Amino acid sequence: MKIICIGRNYANHAKEMNSAVPEVPMFFMKPDTALLPKKNPFFYPNFTKDLHFECEIVIKINKLGKNIAEKYAHEYYDHIGLGIDFTARDLQQKCKDKGHPWEIAKAFEHSAPLGDKFIPLEGKDINNINFKLEKNGETVQEGNTKDMIFNVNQLIAYVSKFMTLKIGDLIFTGTPEGVGPVQIGDRLTGYIEDEKLLDLKIK
Ligand code: MG
């Protein structure tokens with residue numbers, strides 16, 4: 001399986017990063033080794049001094065497809081989850097400055113922890129899902145999928161022009177504003193609507 005991550009998909013986050021709002025979706029990938037085995041703590045990597053959380057709605061692909069038309073994209077998923085796109089911000093800045101790929105800052109071991117489960121989309125509007133992240137009990141990020149620059153179906157259509165989507169592939173759909181650093185000892189908890197899905201200790 002592969003993990004596709006969308007960058008700069010919320011205007012207020014692009015702004016806080018001093019990045020331009022993209023004209024087409026921007027994506028990068030993480031390997032399957034970026035997943036964190038369930039219930040494991042996350043260990044702060046020794047190669048960064050500025051590790052940031054980015055809380056994101058994650059789409060799980062349930063059907064093989066390529067060149068998927070936007071109007072059929074909704075047939076390719078029926079569960080959503082919550083994940084953290086951990087980012088070594090200091091390394092990412094160096095990569096950006098040099099115009100280099102940023103895998104060392106984004107695709108490292110366990111850089112894509114997921115919540116405990118994916119929840120059925122049934123009865124929910126994919127374009128109106130509230131989600132939030134708390135750090136040590138304090139809300140740090142709050143988002144709604146209606147604020148995406150490119151909605152989920154547009155993302156699926158775009159990504160599938162370039163690569164086949166397979167069953168089990170994950171799409172991290174971008175983070176809203178409020179990204180920030182974590183330290184050893186912090187605890188991140190994430191919610192979709194009022195359901196707590198993610199509970200992660202930083203060790
Ligand atoms: Mg992200």
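## Asp85 and the magnesium site

Asp85 is buried, with a relative accessible area of 0%; buried here means under 20% relative accessible area, exposed over 50%, and partly exposed in between, using a 1.4 Å probe and protein chains only. Glu56 also counts as buried, at 0% relative accessibility. This is a predicted model, in which local features need pLDDT of at least 70 and side-chain atom pairs count only at pLDDT 80 or more, while totals for chains, interfaces and linings use all residues. Residues are numbered from 1 along each chain as its sequence is written, and side-chain values use heavy atoms, with hydrogens and water left out.

Which residues coordinate the magnesium ion? The donors come from Glu54 (OE), Glu56 (OE) and Asp85 (OD), at 2.0 to 2.1 Å. Along the chain, these donors follow the spacing E-x1-E-x28-D. Glu56 lies in strand β4 (residues 55-61) and Asp85 in the loop between β5 (77-84) and β6, so the pair ties together parts that are 29 residues apart in sequence. Donors are N, O and S atoms within 2.8 Å of the metal (3.2 Å for Na, K and Ca), and water is not among the atoms, so sites may look incomplete.

## A three-stranded sheet

Let's turn to the strands. Helices (H or I, at least four residues) and strands (E, at least two) are DSSP runs, numbered from the N terminus. An open sheet of 3 strands has the order β6-β3-β11, with antiparallel pairing. β6 (87-88) and β11 (180-181) stand at the edges with a single partner strand each, so one side of each has no neighbour in the sheet.

Strand β3 (residues 51-53) runs antiparallel to β11, and 2 bridges join them; two strands pair if DSSP finds at least two bridges between them. His52 stands opposite Pro181 in β11.

## Aromatic contacts

The whole structure holds 7 aromatic pairs. Rings of Phe, Tyr and Trp (its six-membered ring) pair if their centres lie within 6.5 Å; planes under 30 degrees apart count as stacked, over 60 as edge-to-face and the rest as tilted. Tyr10 and Phe131 form an edge-to-face pair, 6.3 Å centre to centre with 65° between the planes. This pair links distant parts of the chain, 121 residues apart: Tyr10 is in the loop between β1 (3-7) and α1 (11-16), and Phe131 is in strand β8 (residues 130-135). Both Tyr10 and Phe131 are buried. Elsewhere, ring pairs link Phe27, Tyr158 and Phe162 into a cluster.

## Charges over rings

Lys60 lies over the face of Phe118, at 4.5 Å from the ring centre. The charged end of Lys132 sits over the ring of Tyr191, 5.0 Å from its centre. A charge sits over a ring if NZ of Lys or CZ of Arg is within 6 Å of the ring centre and within 35 degrees of the ring normal.
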